[in-house]
Amino acid sequence: QVQLVESGGGLVQPGGSLRLSCTASGSIVNIETMGWYRQVPGKQRELVARIRSDGIINYADSVKGRFTISRDNAKNTVYLQMNSLKPEDTTVYYCNAPMYYRSTTGATRFEDYWGQGTQVTVSS
């Protein structure tokens, strides 16, 4: 009933920039927090940044000062502006949006939704 669609990944040189976008669509009731995680092969998924509906934000220490997360509540969209990219930022980035949604029966349910992942590669 709900999908997260990501875009914006790609290949950039060190010091370059990318902007990731993630839009949730479907029978959404409420999304209090939207965030970005990244998955390094062989390791657990880690939080990059997240933003609440009231604008409260937190970042991983490794991206503070370089990445900026923002959100358009009306569009159910979260963005991640990535500047001063480093090779160690290379990995798959996933959008996360725990949310309440309306099921086909009309009941409100909770689900921890994840995007499909988008590859970010930083290389010279």
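A disulfide here is a pair of cysteine sulfur atoms within 2.5 Å. The structure is a predicted model, where local features need pLDDT of at least 70, side-chain atom pairs count only at pLDDT 80 or more, and totals for chains, interfaces and linings use all residues. Residues are numbered from 1 along each chain as its sequence is written, and side-chain values use heavy atoms, with hydrogens and water left out.

The structure holds 1 disulfide. Cys-22 and Cys-95 form this link, with an S to S distance of 2.1 Å. The link is left-handed, at -80 degrees about the S-S bond. The pair ties distant parts of the chain: Cys-22 sits in strand S3 and Cys-95 in strand S10, 73 residues apart. Strands are DSSP runs (E, at least two residues), numbered from the N terminus. Both Cys-22 and Cys-95 are buried, that is, under 20% relative accessible area with a 1.4 Å probe and protein chains only.

Now follow strand S3 into its sheet. An open sheet of 4 strands runs in the order S1-S3-S9-S8, with antiparallel pairing; pairing takes at least two DSSP bridges between two strands. Strands S1 (2–7) and S8 (67–72) stand at the edges with a single partner strand each, so one side of each has no neighbour in the sheet. From one strand to the next, the twist averages 15 degrees. S1 and S3 (residues 18–26) are joined by 6 bridges. Cys-22 in S3 is the bridge partner of Glu-6.

Strand S10 (residues 91–102) also holds Tyr-100. Tyr-100 is partly exposed, with a relative accessible area of 40%; partly exposed lies between buried and exposed, the latter over 50%.

Definitions and conventions:
Axes fitted to C-alpha atoms, helices over the stretch in contact; angles between N-to-C directions.
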